[in-house]
Amino acid sequence: MDVIALDDPTDAQIREWHGVLAAVHAADPGAQPAPDPDLTTRLLLGAEPGSRQRLWGVADGARLAAVALLRLPGEPGPERPGEIDVQVRPELRRRGLGGRLLAAAAEGLRADGRTSVITQVLAGTPAVPFLEAHGFECVLTLRGMLLRLDDLPAGRVARLLAAGPAGYRLVRWHGVVPDEHAAALARAKHAMADFAEYEGTPWDAHRVRETAEIVAKRGDDLYTVAALDGPVIAGFTEVVVPHDATGRAAQYDTAVVPEHRGRRIGIWVKAAMLGWLAEARPEVREIETDNVSDNVHMLAVNAELGFRVERESVEYQAAVADLLALR
């Protein structure tokens with residue numbers, strides 16, 4: 001079985017790729033939704049704005065036995081890690097197919113000037129020992145949580161809004177941040193204790209706008225609610241409603257800057273977001289989120305709102321030099 005580049009996949013190869021994803025999901029369902037054929041097609045035919053991607057597969061005749069997608073965010077160079085996703089048909093695991101795809105991806109990373117690569121997988125699945133055997137180290141543990149809006153007690157959102165902290169005011173915007181709040185939002189994003197700590201890319205007004213523009217170019221809708229202390233953003237929350245949403249939205253970033261913590265700003269902005277979505281997007285009935293497992297405060301905020309843990313994921317990182325040495 002040969003490793004082949006699939007950077008311009010045919011319709012048949014896209015169907016085969018989706019077949020690999022469907023087989024993996026059937027064996028390791030976790031709490032993840034089943035893969036969607038249309039989403040697979042969009043994923044393979046075009047990288048997100050602001051990034052490039054490389055695709056490889058292990059061919060077993062006309063059939064794909066394993067696949068790998070390498071995302072290259074931003075410009076070439078060592079500033080940001082690549083992002084790899086490797087999937088192997090369950091009945092063909094432990095035959096070295098995943099390792100061969102990692103080797104191909106390592107060459108792609110080196111050619112692009114990257115020095116590290118990251119990936120996220122479900123805890124407790126075969127992907128964990130595979131990654132550790134190939135030199136990846138766990139850098140984050142994430143709890144996937146889901147809020148079903150129909151389960152919210154009547155009046156809870158209104159009560160949380162009414163109990164907002166004195167001295168602050170709420171603002172909200174749809175899409176790209178208004179110019180008057182861009183720099184303040186970038187500063188607030190530094191408060192997040194998450195993946196950004198080892199991603200190595202600082203937040204500034206340009207990156208804040210670029211992130212929102214990427215969401216818009218996908219056709220998705222980004223909603224932001226922030227609590228202001230004068231011109232300062234003391235805390236904020238973001239939710240993205242996919243353009244093809246079937247009732248589920250995704251929680252993006254939420255943070256409260258250190259000097260404003262302990263005043264229930266986090267739950268206040270989240271309650272304001274729920275109220276806004278009820279008005280603007282009543283079709284949204286569920287919101288999913290990931291929280292770093294040691295972010296006790298945000299986990300407590302989400303639990304109070306009604307989020308329930310659905311799954312646990314882990315983020316792994318490896319040096320490209322280490323992957324090249326394993327070939």
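Guide: Buried area is the accessible area, taken with a 1.4 Å probe, that two parts lose on being put together, summed over both. This is a predicted model, where local features need pLDDT of at least 70, side-chain atom pairs count only at pLDDT 80 or more, and totals for chains, interfaces and linings use all residues. Residues are numbered from 1 along each chain as its sequence is written, and side-chain values use heavy atoms, without hydrogens and water.

Visitor: What are the two parts here?

Guide: Domain 1 covers 3–142 + 314–326, and domain 2 covers 153–305. The bounds come from an automatic or database domain assignment. Their centres, over C-alpha atoms, lie 29 Å apart.

Visitor: How do you know that domain 1 and domain 2 are in contact?

Guide: Contact means heavy atoms within 4.5 Å. By that rule, 15 residues of domain 1 touch 16 residues of domain 2. Together the domains bury about 1,400 Å², with 57% of it on carbon and sulfur atoms.

Visitor: Which elements give two or more residues to the domain 1 side?

Guide: They are β5 (116–122), β6 (137–148) and β12 (308–319). β6 gives the most, four residues. Strands are DSSP runs of E, at least two residues, and helices are runs of H or I, at least four, both numbered from the N terminus.

Visitor: Why is the pair Asp7 and Arg54 called a salt bridge?

Guide: The rule asks for a side-chain nitrogen of Lys or Arg within 4 Å of a carboxyl oxygen of Asp or Glu. Asp7 and Arg54 meet at 2.8 Å, N to O, so the pair qualifies. Asp7 sits in the loop between β1 (2–5) and α1 (11–27), while Arg54 is in strand β2 (residues 51–60), 47 residues apart.

Visitor: How many salt bridges are there in the whole structure, and how many across the domain interface?

Guide: The whole structure has 22. The interface of domain 1 and domain 2 has zero.
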